[in-house]
Amino acid sequence: MHEEYERIAGRAALCAKERGIELKEPNPLKRAMLWGSVKMNALRDGSRAHLAQMLTQGTVMGITALTRSIRESEDADTEIRALAGELLAAEQGYEQALRRYL
């Protein structure tokens with residue numbers, strides 16, 4: 001999963017650079033708080049089923065946000081829409097793969 005995210009993120013960064021779009025870095029405080037929350041949740045219950053549930057919830061949130069963004073940007077650049085479609089397909093595949101651990 002991580003490798004696929006990195007590959008798509010690299011392509012997205014290249015698309016943004018080619019179009020003169022400046023990408024914002026995630027807020028470090030929010031990122032640290034999220035990471036801490038994930039760690040605490042995993043410490044509370046480190047079972048495979050619970051970890052798969054946590055990953056599935058995040059994946060479903062990503063699928064929802066991507067689907068909405070794709071629908072709202074029908075006139076966007078075809079390369080960007082294609083990249084969003086690839087990410088959406090990857091997320092949907094991850095959701096299916098995680099189900100076996102629930």
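**View 1. The largest pocket of this predicted model has a volume of about 880 Å³.** Rolling a probe the size of a water molecule over the atoms shows where empty space is left. A pocket is an open set of points on a 1 Å grid over the protein atoms alone, where a 1.4 Å probe fits, with protein on both sides within 12 Å along at least five of seven lines. Grid points are joined across faces, edges and corners, and a volume is the space filled by probe spheres set on the points. Lining residues have an atom within 4 Å of a point. The largest pocket is lined by 23 residues, and Tyr5, Ile8, Ala9, Leu87 and Glu91 are the closest to its centre. H1, helix H3 (48-72) and H4 each give two or more residues to this lining. H1 gives the most, with 10 residues. The lining has 16 nonpolar, 5 polar and 2 charged residues. Here Ala, Val, Leu, Ile, Met, Phe, Trp, Tyr, Cys and Pro count as nonpolar, Asp, Glu, Lys and Arg as charged, and the others, Gly among them, as polar.

**View 2. The second largest pocket holds about 710 Å³ of space.** Of its 13 lining residues, Leu34, Trp35, Val38, Gly58 and Met61 are the closest to the centre. Helix H2 (28-44) and H3 are the elements that give two or more residues to this lining. The classes are 8 nonpolar, 4 polar and 1 charged.

**View 3. Helix H1 (residues 2-18) packs with helix H4 (residues 78-98) at an angle of about 165°.** Their axes lie 11 Å apart. Axes are lines fitted to C-alpha atoms, for helices over the stretch in contact, and angles run from 0 to 180 degrees between N-to-C directions. The angle makes H1 roughly antiparallel to H4 (angles over 145 degrees count as such). In H1, Glu4, Tyr5, Arg7, Ile8, Arg11, Ala12, Cys15 and Glu18 meet residues of H4. Their partners in H4 are Glu79, Leu83, Glu86, Leu87, Ala90, Glu91 and Tyr94. Contact means heavy atoms within 4.5 Å. The contact residues of H1 with H4 divide into 8 nonpolar, no polar and 7 charged.

**View 4. The protein has 4 helices and 0 strands.** Helices (H or I, at least four residues) and strands (E, at least two) are DSSP runs, numbered from the N terminus. Along the sequence the pattern is α-α-α-α. The C-alpha atoms fill a box of roughly 45 × 30 × 25 Å, taken along the principal axes.

**Notes.** Residues are numbered from 1 along each chain as its sequence is written, and side-chain values use heavy atoms, with hydrogens and water left out. In this predicted model, local features need pLDDT of at least 70 and side-chain atom pairs count only at pLDDT 80 or more, while totals for chains, interfaces and linings use all residues.

Key
Angles under 35 degrees count as roughly parallel, over 145 as roughly antiparallel, 65 to 115 as roughly perpendicular and the rest as oblique.
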